[in-house]
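Please look over the model shown below before reading on.

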Amino acid sequence: MEYRRMGKTGLQLSVLSFGSWVTFHKQIDDYVADELMGIAYDQGVNFFDNAEVYALGESEKMMGRVLKNKNWDRTSYIVSSKAFWGWRGKSNKPNQTGLSRKHLTEACHEALQRLQQDYLDIFFCHRPDKNVPIEEVVWTMNVLIQQGKILYWGTSEWSGVEIMEAHRVAHQYSLIGPAVEQPQYNLFERNKMENEFLMVFRTEGMGTTIWSPLASGLLSGKYNIGISEGSRFALSGFDWLKDRWMKEHLLEKVKQLNDLASNLGISLPQLSIAWCIKNPNVTTAILGATKKEQLLENLKSLDAVPKLNDEVLQQMEDIVQTKPVLPEH
Ligand code: NDP
């Protein structure tokens with residue numbers, strides 16, 4: 001396993017990590033979660049990602065049970081949670097969602113209980129909250145750090161401007177600013193990582209824990225032969241995700257990427273994940289898996305990175321044609 005420092009911080013994250021969105025509680029039970037986290041940990045994965053909203057709190061509870069059962073040395077792994085949507089779904093009342101001091105503080109306490117942890121290594125603002133002053137967010141996160149309940153804080157799917165506003169406030173009051181952003185990043189979703197955030201990387205040295213490296217499974221290639229039962233796009237409540245990705249022009253590109261991967265002697269998931277971590281601004285790519293075969297295959301992506309030479313990268317660009325166009329001079 002390779003480890004990368006998270007932005008300007010001292011924290012070292014495994015370049016491949018493991019998350020629980022959709023899968024924990026909705027698709028897999030404690031037994032499989034235990035098996036998958038065990039495989040990941042044994043191969044050097046040290047970061048496990050979670051959020052209050054995943055399976056409405058049940059995902060954190062499941063991960064908490066697994067961590068308790070594993071009894072790994074607490075100093076050997078990093079666990080995160082995220083606040084924004086609350087965990088009560090349609091029953092959420094005012095103050096049970098968003099980024100107010102009240103919700104961030106209570107969400108942190110509740111996540112610690114569900115995960116059975118004394119502290120979170122990383123606590124994310126899952127989305128920006130336009131209704132809360134950025135000063136309130138930064139002060140709250142700073143206080144949670146001072147209280148020892150969280151060690152680092154980050155953002156997820158914030159704009160470059162919103163992240164820089166947080167840094168402006170942090171600099172102004174000598175507070176600890178966001179150290180890490182969690183954006184989507186894969187061969188079909190590139191603008192934030194390869195355009196919008198470039199100046200933030202340069203000025204603030206932000207780490208990134210990127211999500212959906214396989215575009216929810218599209219970049220495994222399996223959807224080119226239809227939507228099989230039990231797969232993510234077949235789940236009820238996820239039509240929006242299926243509609244987002246199951247597009248003819250994308251499936252055609254996936255087919256061509258698959259041919260390229262075969263020629264290189266690697267699988268398409270390995271090619272796609274290796275491509276993500278080839279970007280030095282990626283601290284870690286969070287993997288998702290419902291089966292141990294998937295995870296074992298995806299963890300081998302590290303071995304595929306050296307195969308992505310300039311020629312291969314250009315062939316990939318020619319296929320996907322998603323590279324953000326930046327002004328030249
Ligand atoms: P991926 O894009 O890698 O999708 C993972 C899913 O694809 C698996 O659950 C599985 O689904 C399928 N899959 C994975 N590997 C293979 C394989 N080798 N062959 C066939 N199918 C495969 O990542 P996720 O979308 O799961 O995101 C990863 C993590 O990122 C999440 O767990 C979460 O922690 C984080 N995240 C954060 C978000 C945010 O807003 N901050 C949003 C979304 C995710 P199946 O078997 O069901 O088809």
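Counting as a salt bridge any side-chain nitrogen of Lys or Arg within 4 Å of a carboxyl oxygen of Asp or Glu, the total comes to 17 salt bridges. The model is a predicted one, in which local features need pLDDT of at least 70 and side-chain atom pairs count only at pLDDT 80 or more, whereas totals for chains, interfaces and linings use all residues. Residues are numbered from 1 along each chain as its sequence is written, and side-chain values use heavy atoms, with hydrogens and water left out. As a general point, side chains of opposite charge can pair when their charged atoms come close.

| Pair | N to O |
|---|---|
| Glu-162 and Lys-130 | 2.3 Å |
| Arg-190 and Glu-317 | 2.8 Å |
| Lys-242 and Asp-239 | 3.8 Å |

For the places of these residues, helices (H or I, at least four residues) and strands (E, at least two) are DSSP runs, numbered from the N terminus. For their accessibility, buried means under 20% relative accessible area, exposed over 50%, and partly exposed in between, with a 1.4 Å probe and protein chains only.

Glu-162 counts as buried at 16% relative accessibility, whereas Lys-130, at 68%, counts as exposed.

Arg-190 and Glu-317 form a salt bridge that links distant parts of the chain, since Arg-190 is in the loop between β8 and α6 while Glu-317 is in helix α13 (residues 310-320), 127 residues apart. Both Arg-190 and Glu-317 are buried, and together with Glu-194 they are linked in a network of salt bridges.

Lys-242 and Asp-239 are three residues apart in helix α8, and are therefore separated by about one helical turn. Lys-242 is partly exposed, with a relative accessible area of 25%, and Asp-239 is also partly exposed, at 43%.

Two helices can be described in more detail, taking the expected span of a helix as 1.5 Å times one less than its number of residues. Helix α5 (residues 160-173) has 14 residues and should span 20 Å, which agrees with the 20 Å between its end C-alpha atoms. Its buried residues are Gly-160, Glu-162, Ile-163, Ala-166, His-167, Val-169 and Ala-170. What covers them, through contact (heavy atoms within 4.5 Å), includes α4, β7 (150-156), β8 (180-182), α6 (191-196) and α7 (198-204). Just after α5, Ser-174 takes a positive phi of about 55°.

Helix α4, with 13 residues, reaches 18 Å from its first C-alpha to its last, close to the 18 Å expected. Buried in α4 are Ile-134, Val-137, Val-138, Thr-140, Met-141, Asn-142, Leu-144 and Ile-145, and their cover includes α3 (101-115), β6 (120-125), β7 and α5. After α4 comes Gly-148, whose phi is positive, near 75°.

A nonpolar core is a set of buried Ala, Val, Leu, Ile, Met, Phe, Trp, Tyr and Cys residues joined through side-chain atoms within 4.5 Å. The largest such core has 94 residues, and those with the most contacts inside it are Phe-18 and Phe-123. Helix α10 (residues 268-278) gives the largest share of this core, seven residues. Apart from it lies another core, of ten residues, including Leu-13, Phe-47, Ile-122 and Val-180.

The place of Ala-215 is in the loop between β9 (207-210) and α8 (239-245), and at 0% relative accessibility Ala-215 counts as buried.
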